[in-house]
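These entries record what I looked up in the structure shown below.

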Amino acid sequence: MTNVLVCIKRVPETSGQVLLSEDGQSIDARHVGYTLSTHDECAVALATQIASATGGDATVLTVGDDEAVAQLRDAIAVGCGSAVRIEAPTQAYGPADVAAAIAEVVKARAAHGTTYDLILVGNDATDTGDFQVGVRLAYALDRPVLTGIKSAEVTGGRLIARGDGPSGSEIFELDLPAVVTVLEGGVEPRYPSIPGRMKAKRTPIEDVDAALPGEPVGSGRVKLKLPPQKPSVVQVLGEGDAAAPAVVDLLIELGVVGR
Amino acid sequence: MSATIVVYVEVDSAGVIETAQETLTLARGLAAEHGGAALHAVVVGPVDDESTVEKQLGSLGVVELHRAEGEDLAAYAGSTHAAAVVEVVQTTGAEVVIAGGSPRGTEIAAHVAVRTDAVMAANVVTVDSAEPLTVSRQVMGGAALEEMRLSTQPAVLTIAGHVCEVAPAPEPTVPQVNRFEPAFTDADLRTRVVRTEEVESDHTAALTGARVVVGGGRGVGSADGFNDLLELSDLLGGAIGVSRVVTSLGWRPHHEQVGQTGSRISPDLYIACGISGAIQHWAGCQSAKTILAINNDADAPMVTKAHYAVVGDLHEIVPAINDEIRRRTVGA
């Protein structure tokens, strides 16, 4: 029986145009909306897969404000059994603070008999792209950590995980407990069923106040800016299939035809 | 002791990998601005051809090479490589630790940051040498930049791929080589790779190394809709790359995904068919030297950001291009 904790992040959608808040301190996502960070979707799917294969539980956790509860409910709708929200002023938090806040909750629960054998985190967040929360969390809990894992299973308390290395598919085997950061591409994200959505509405979210060991480290952010917009230089070669000769002229000019 | 910048250098059978060469180029510039700091490299574990690597590092201006060796390094683990880098940081008193933004470089940087109680900036594009170190780094897949202050010593950062072109040092060096066996704890050794399975055909390498990539997005319409694109890719000796929606819908396999959470490509030519150009995808294809967009929406971001465009139905345009290529290359 493997109890899995999967830590997720609410992030702005990356399908639309990026706008910044007036003070340059945050992304203004009012018009594009929010979603679950991409790799986190796969981490949630892997958490429910491992929990159900071993008869354990999958708990979803986030560090955030009231609105982040929507993403916790999304994770419940696809199979997580319970949810924890660590209430924290995320604007003042950097990745070290997020990891520390999660570690404190994990330690407090362990002291009360609730342990998480496996902790899954998305490899990196689609908004801040810090690439370090999972590693920092593992050190804070004195656990081994694997990053960039695409698929994993637990057999007899031992974790067998697979990721892409520079010369092929790399396999890791280690005893639990452990922390794993999950990369998209090995586990299909799950989509909620109607009963799943109903359950997500009914399941209570456990709220916990963040307790950091000290003052927040912060993100070091001075300000956000948008890269300079290059004026469009597009040269339209034509419309429809009549443009084919012009396209092939270009391909020849670029030296990619008749090589 | 003069200031030192330590770069974690990843090598493969061909020598120093491109991301690491880019990183060393940027680090050398920083070292020069940083009061003439010394550029050190750390190479961890077995290397096929030591002399080639030493020459490459010398051509990039490295003055000292720290070679971590030992049986425990035969199989990769992020923790062992990080332990080796941290030993070098401690012996040199390095002020800045830099790794390439490859998966391994990023993993090791995160470990090193925790072990040295440092803050870490990922996917940095420019470094300001002022104290404290301030960097600009990619967030939102590169659609926005964050100016970030790194107030710890060492400062730990990774360099985003393709933001700096590899350039040799004006005066090549012969690096002094310091061989050492790092000390590991049992915990460091727990996460070593147990075995590596070679993939029959390395699709990802074929995509990231392709000179021409033919891309398809939602506009392709179906799995069968890719047939014309596959044919075009064959005619140009290229590879297929797709947007995230295409893999989510199951039309094409995930290893073909180009974007923030897929491969980042830099081909000579990217032909984007039926791709709107959302941030997620643009993050992976913006380094293409030339982009040709084929789209029925003349206002789609992919069209306005491209160098060339054809407006219309890709299912009419792509077969016509294929016919035209065949017509012109018959008997060629």
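How many disulfides does a search of the whole structure find over all chains? I worked with a predicted model, in which local features need pLDDT of at least 70, side-chain atom pairs count only at pLDDT 80 or more, and totals for chains, interfaces and linings use all residues. Residues are numbered from 1 along each chain as its sequence is written, chains are lettered from A and ligands numbered from 1 in the order in which they are written, and side-chain values use heavy atoms, with hydrogens and water left out.

Entry on cysteines. The search returned 0 disulfides over all chains, a disulfide being a pair of cysteine sulfur atoms within 2.5 Å. For A:C80, I found the nearest cysteine sulfur, that of A:C7, 11 Å away. A:C80 counts as buried because its relative accessibility is 0% (buried: under 20% relative accessible area, 1.4 Å probe, protein chains only). For B:C273, the nearest cysteine sulfur belongs to B:C285 and is 12 Å away. B:C273 also has 0% relative accessibility and therefore counts as buried.

Entry on helices. I looked up helix 7 (residues 227-235) and helix 11 (residues 314-329) of chain B, whose axes come within 9 Å and cross at roughly 30 degrees. Helix 7 of chain B and helix 11 of chain B are therefore roughly parallel to each other (angles under 35 degrees). Helices here are DSSP runs (H or I, at least four residues), numbered from the N terminus; axes are lines fitted to C-alpha atoms over the stretch in contact, with angles from 0 to 180 degrees between N-to-C directions. In contact (heavy atoms within 4.5 Å), I noted residues including B:L232 of helix 7 and B:I325 of helix 11.

Methods:
Buried < 20%, exposed > 50% of the residue type's maximum accessible area, 1.4 Å probe, protein only. Helix = DSSP H or I, 4+ residues; strand = E, 2+ residues; numbered from the N terminus. Parallel < 35°, antiparallel > 145°, perpendicular 65-115°, else oblique.
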